[in-house]
Amino acid sequence: MHLIKKLKLYRMQMMHKVLKISETPTEEIIREAANTLLSGGLIIFPTETVYGIGALATEQKAIDKLLSYKTRREGKPLSIAVDSIKMAQEYVEVNDIARNLYENFLPGPITVVSRGKHTVANGVESESGTLGVRIPDYELVRDIVKKIGKPITATSANASYKKKPYNINDILNNVSDKQKNLIDLIIDAGTLPKREPSTVVDTTGGGETVLRQGDVRLTKVRETTTESGEQTQELGRELIRKYKHYLGYKSVVLALEGELGAGKTEFTKGVAKELGIKEPVLSPTFIVEKEYQIETTEGSYAREKKPMLYHLDTWRITEVEAEFEALGLVDKISEGHVFSIEWADRATEFFEKVSETAIIVWIKIEHTDKENERKITISDFAKE
Amino acid sequence: MKILAIDTSCDETSVAITDGTRVLANKISSQIEFHKKWGGVVPSIARTMHQENIEHVVKEALRGAKIKPEDLDAVAVTQGPGLAIALEVGIRKAKEISVQIGKPLIAINHMEGHIYSTLAQNKSGNPKITYEFPLLALLVSGGHTELVLMKNHGEYKIIGQTLDDAVGEAYDKVARMLELGYPGGPIIEKLAKEGNQDAFPFPIPMMKTRSCDFSYSGLKTSVLYLTQKVLTEGISKTEKKKIIVDVAASFQKAAIESLVRKTQIALEDLGEEFEIKDIILAGGVSANLALRKEFRKIFSENYRLHYPTNKKLYGDNAAMIGVAAHHHLEKGNFTQPIDLERLPNLSL
C-alpha cells in the first residue's frame with residue numbers, strides 16, 4: 001500500500017486516543033485529559049450519571065468544535081463542570097438559593113442553573129444568559145478540572161436526541177464518522193450504572209424550579225405556621241409570585257392537601273389575587289371545577305390562549321382520573337395555566353402523568369391544637 | 001310570545017315552554033339518582049346525561065305545551081353560571097333550534113332565572129303576582145348565596161355574597177361529615193326537626209362584620225371539630241343518633257340565622273336610600289321550610305315575601321329561564337348563535 005494512503009488510514013483509525021481506566025494510572029489520565037483540553041480538544045469522560053463530552057469552556061475554538069459535535073441543539077444551553085463553588089462563582093452569580101443547593105447537594109447529580117457572568121466562550125450560556133453548573137460526584141473529573149483550573153463542558157456525550165450514553169459503544173454507534181473524528185480522547189470506564197442524567201434546577205427565578213428530573217428527587221420542604229385565613233392567603237400569593245414568569249408556556253400545578261376547613265380555598269384565594277383575578281374565588285366543591293381568566297402582564301402572552309386559573313376539588317368525585325380526563329385537564333396542562341387542585345392526594349395518577357410537563361408544588365395544610373392556626377408544608381419539587 | 005327555554009347548568013336537564021310569565025310546560029329530567037352515590041354532581045356524568053336526555057326532554061316539553069316548534073317566538077338558554085361542560089350541552093341545543101326555526105336566541109343568567117321563579121304562573125295565569133321595585137332578593141343554592149338589589153327588570157346589583165362556601169354546599173358537607181348521604185339539604189332539614197338546636201352553640205358566621213357577605217367555611221370547620229370530639233368510637237347507637245340530630249339542628253340554626261341577619265343588615269343599609277317593600281327568597285335552599293318559617297317570622301310584618309310559586313321551581317329548572325327571558329324578548333336583547341359562549345362564572 002502506498003505510504004500516504006497508509007498514513008491516512010492510520011490517522012482515520014487513530015483520531016482519538018482511548019485510555020481505559022482499569023489499565024491506566026490515574027495520574028496519566030489526568031495529565032492526558034488536561035493536555036487535550038488545554039489544546040482545544042474534545043474528551044469523552046465518565047461521570048456519576050452518563051458519559052459526558054468535555055471541552056474547555058473558556059476557549060472559543062474548543063466550544064465551536066463541541067457544537068459541531070452536538071448538532072441540532074436549538075438554543076439548548078450547555079452546562080459546565082467545576083471543582084468547587086469558588087470556581088463556579090467566577091462564571092455565574094451564585095445567589096442564596098443556588099448557594100443552598102451547592103452546600104447541600106453538591107458534588108452530586110444536580111445541575112444548578114444561575115445567571116452567567118459572560119466569562120465563558122460564546123454558545124455555552126443560554127440565549128438568555130443563564131448557565132448550568134455541575135460539580136460531578138466523580139473524583140477523576142474534579143481532578144481534571146482542578147488541574148487545568150478552568151471549567152469544562154459537562155453535557156452528555158450522546159449526539160442530540162440519541163440514546164443516553166452509559167458505555168462508549170452507546171456513543172460511537174450513534175454518531176457519524178465526522179462526529180467521531182472530532183473526539184480527541186476517550187476515558188473509558190466501562191459500562192456505567194444506569195442512572196438518569198442530572199436533575200436540572202433553575203435558581204434564576206427567585207426560587208428553585210426543576211427543569212429536568214433526574215434520579216435525585218429534590219424535595220425542598222418549607223414549613224410555615226399561619227394564624228389566620230389572611231395569612232394563609234398571603235402565603236399563596238408569595239408562592240405563585242415565584243412562578244408567574246412561567247405563565248403561557250409551562251403550567252404550574254398547586255397540589256393542595258388538607259382536611260375540610262383547613263384553608264385550601266383560602267390559599268387559592270391568595271394565588272388568585274396575585275394573578276390579578278378580581279372575581280371572588282369560591283369553593284369549587286359543588287361544581288368540581290371553576291375557571292378564572294388571569295390578568296397579569298408577566299409571563300408569555302405570545303400564545304393565543306390567555307392563561308387561566310383552574311380551581312378544582314376532587315373531594316366529591318371517586319373516579320378522579322376519569323373526571324379529569326372528561327374535563328380535558330391533561331390537554332390544558334400543555335398550555336401554561338395555573339391549576340389549584342384541592343384534595344390532590346386523591347389524584348396521584350394524574351400527577352404522575354403531568355410531572356414531566358408541568359411544575360408541581362405540593363402544599364399540605366394541617367390543623368394544629370390552636371383553632372385558627374395552620375401548619376403549612378410546601379414541597380416545591382416532585383414528591384419522593 | 002312563546003319561548004322554549006333550556007337549562008343544563010348543573011345536574012338537571014330541563015326544557016320549558018313559557019308564554020310571558022305563564023308556564024305551559026316545565027320538564028325536568030333529574031340526574032340526582034345518578035349522582036347520589038358519588039355524594040354530589042359529577043361533571044362527566046352530568047354531561048353524558050344531558051347529552052342523552054336533551055333531545056327527548058325538548059320533545060316532551062313541546063308535547064306537554066301542545067306547541068309546534070314553528071309556533072315559538074324565541075329560544076332561551078342558561079349561559080352561566082354553572083358547570084362548564086354541562087352548560088355547553090344546553091347551549092349547543094338552543095343554538096341548533098334557534099337556527100332551525102329562524103327565531104332569536106336569548107342568553108339568560110341562571111341566577112336571574114331563580115329570581116323570576118317567583119313570578120312564574122301556571123297555564124291559566126295564576127297566581128297573579130306583582131313586584132314593587134326596588135326589591136331585595138336572597139338567592140340560596142348549592143353553588144350560590146347572594147343578596148341582590150333589583151332596581152327593575154334586568155337591573156341587578158349584588159350587595160352581598162359568600163366569600164367561600166355556598167350555604168347549600170355547607171349543608172352537603174355537614175351531611176357528609178355525619179355520613180348522611182346526598183343531597184345534604186333535605187336530610188339535614190329532616191333530622192334537624194328531631195334535634196335540639198341549642199345543643200351545640202355554633203358561631204353564627206360573619207357576625208363581627210356589618211358587611212352583607214356570607215361565609216360558611218368557618219361554620220363547616222366548627223362542625224367538623226365538634227363531630228370529631230363528640231362522635232367518638234365508644235358511644236352507643238342511640239347516643240350517636242341523638243348527637244347527629246342535635247348537630248343537624250344546631251348547624252341549621254346557625255346557617256339560617258346568618259341568612260336572616262345579613263338580610264336584615266342589607267335592608268337597613270338599603271333603607272337609607274331606597275324604600276324596599278318586597279323580598280324574594282329563591283334558589284334550591286329556599287325549599288327549606290325552617291328557613292321560610294324564620295323569614296316569615298322576621299320579615300312578613302313589614303315586607304311582602306316572594307318564594308318560587310311551586311315546588312318544581314325551587315331547584316334548577318327551565319321554566320324560570322323562560323320567564324326571565326320574557327323581559328329580554330320584549331326589549332329585543334338577543335344574542336347571535338355564533339357569539340353565544342358558556343360563561344361558567346357569570347354573575348348578575
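Modeller: Happy to! Please keep in mind that this is a predicted model. Among contacts in chain B between residues at least 6 apart in sequence, 76% join residues at least 24 apart.

The helix I would pick is α5(B). Of its 11 residues, 10 are buried, so α5(B) is largely enclosed by the rest of the structure. The buried residues begin with Val167(B), Gly168(B), Glu169(B), Ala170(B) and Tyr171(B), and the list goes on with Asp172(B), Lys173(B), Val174(B), Ala175(B) and Met177(B). After the helix comes Glu179(B), with a positive phi near 55 degrees.

The axes of α6(B) and α8(B) lie 7 Å apart, at an angle of about 110 degrees. An angle of 65 to 115 degrees counts as roughly perpendicular, and that is therefore how α6(B) stands to α8(B). From α6(B), the contact uses Ile188(B), Glu189(B), Leu191(B), Ala192(B) and Glu194(B), while α8(B) brings Ile244(B), Val245(B), Ala248(B), Ala249(B), Phe251(B) and Gln252(B). By type, the residues of this contact divide into 8 nonpolar, 1 polar and 2 charged.

The covering strands lead us to a sheet. β6(B) and β7(B) belong to an open sheet of 5 strands in chain B, with the order β8-β7-β6-β9-β10 and mixed pairing. At its edges stand β8 (155–161) and β10 (304–306) of chain B, each of which pairs on one side only. From one strand to the next, the twist averages 25 degrees. If you want a specific pair to display, Ile280(B) has His306(B) as its bridge partner in β10(B).

The contact between the chains takes 29 residues from chain B and 22 residues from chain A. On the side of chain B that touches chain A, α2 (43–65), α3 (84–101), α5 (167–177) and α7 (217–230) each supply at least two residues. The most comes from α7(B), with 4 residues. So much for elements; by type, the residues on this side of chain B divide into 12 nonpolar, 11 polar and 6 charged.

Across in chain A, there is an open sheet to look at as well. Its 5 strands follow the order β1-β10-β2-β3-β9, with mixed pairing. β1 (17–20) and β9 (155–156) of chain A are at the edges with a single partner strand each, so one side of each is left without a neighbour in the sheet. β1(A) runs parallel to strand β10 (residues 185–188) of chain A, and 4 bridges join them. One pair to display here is Lys17(A) with its bridge partner in β10(A), Leu185(A).

Notes. Residues numbered from 1 in each chain as written. Chains lettered and ligands numbered in written order. Predicted model: local features only at pLDDT ≥ 70, side-chain atom pairs only at ≥ 80, totals over all residues. Contact = placed C-beta atoms within 7 Å. Nonpolar A, V, L, I, M, F, W, Y, C, P; charged D, E, K, R; others polar. Pairing = 2+ DSSP bridges. Axes fitted to C-alpha atoms, helices over the stretch in contact; angles between N-to-C directions. Buried ≥ 20, exposed ≤ 12 C-beta atoms within 10 Å, placed from the backbone. Parallel < 35°, antiparallel > 145°, perpendicular 65-115°, else oblique.
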